[in-house]
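Q: Please take a close look at one part of the structure shown here. Walk me through where it sits and what packs against it.

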Amino acid sequence: MALNPKQFGTVMKNARMDKKLTQAELAEILDLSLSYLKDLERFKNTPSLEVFAKTIQYFNLSADTVIYPDKNLHNDTYQEILRRLSQCNENQLKIILATTEAVLSVNNSQSRQD
């Protein structure tokens, strides 16, 4: 499976901006040249496995976001939820899961009634 440079660049840039890092700061953190990082964010290069792993580990991201792009790739709300989930503790995640299941259950019930 090939890694999609556009998907990776978009995720990397959004995560960097969320942490209010400059490209130069992130390049130093990840031990990359500034030009290579810029190329990644502009979809002009595909990251090595090592760079991919460093990036998702540093930002505490799900690899699925990059490897399995879906219809929510450009949905800002969806991306914000994913970023915020990584900041939750186990109890908070359980509450979010229960809330999500309840919302989906109500939505499914309403769909069956229509």
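A: Leu34 counts as partly exposed, because its relative accessibility is 33% (buried means under 20% relative accessible area, exposed over 50%, partly exposed in between, with a 1.4 Å probe and protein chains only). This is a predicted model, where local features need pLDDT of at least 70 and side-chain atom pairs count only at pLDDT 80 or more, while totals for chains, interfaces and linings use all residues. Residues are numbered from 1 along each chain as its sequence is written, and side-chain values use heavy atoms, leaving out hydrogens and water.

Leu34 belongs to helix H3 (helices are DSSP runs of H or I, at least four residues, numbered from the N terminus). Leu34 touches Gln23, Ala24 and Ala27, not counting residues up to four places away in sequence; contact means heavy atoms within 4.5 Å. Leu34 and Ala24 lie 10 residues apart in sequence, yet 5.8 Å apart in space, C-alpha to C-alpha.

Now the buried side. Tyr36, Leu37, Leu40 and Glu41 of H3 are buried. Viewed down the H3 axis, the buried residues fall within an arc of 135°, so they line one face of the helix. The arc is that of the directions from the helix axis to the C-beta atoms. An α-helix has 3.6 residues a turn, so residues three or four places apart point the same way. The buried residues of H3 pack against H1, H2 and H4.

Take the H1 packing. H1 (residues 5–18) and H3 (residues 34–41) meet at an angle of about 115°, and their axes are 7 Å apart. H1 is therefore roughly perpendicular to H3 (65 to 115 degrees). From H1, the contact uses Pro5, Phe8, Gly9, Met12, Lys13 and Arg16; from H3, it uses Leu37, Leu40 and Glu41. One of these, Met12, also contacts Leu26, Leu30, Thr55 and Phe59, among others, leaving aside neighbours within four places in sequence.

Next, the core. The largest nonpolar core has 17 residues, and Leu37 and Leu40 are among those with the most contacts inside it. Such a core is a set of buried Ala, Val, Leu, Ile, Met, Phe, Trp, Tyr and Cys residues joined through side-chain atoms within 4.5 Å. H1, H2 (23–29), H3 and H4 (49–59) each supply at least two residues of this core.

Last, the flanks. Asp31 lies in the loop between H2 and H3. Asp31 counts as exposed, because its relative accessibility is 63%. After H3 comes Phe43, with a positive phi near 65°.

Notes:
Axes fitted to C-alpha atoms, helices over the stretch in contact; angles between N-to-C directions. Parallel < 35°, antiparallel > 145°, perpendicular 65-115°, else oblique.
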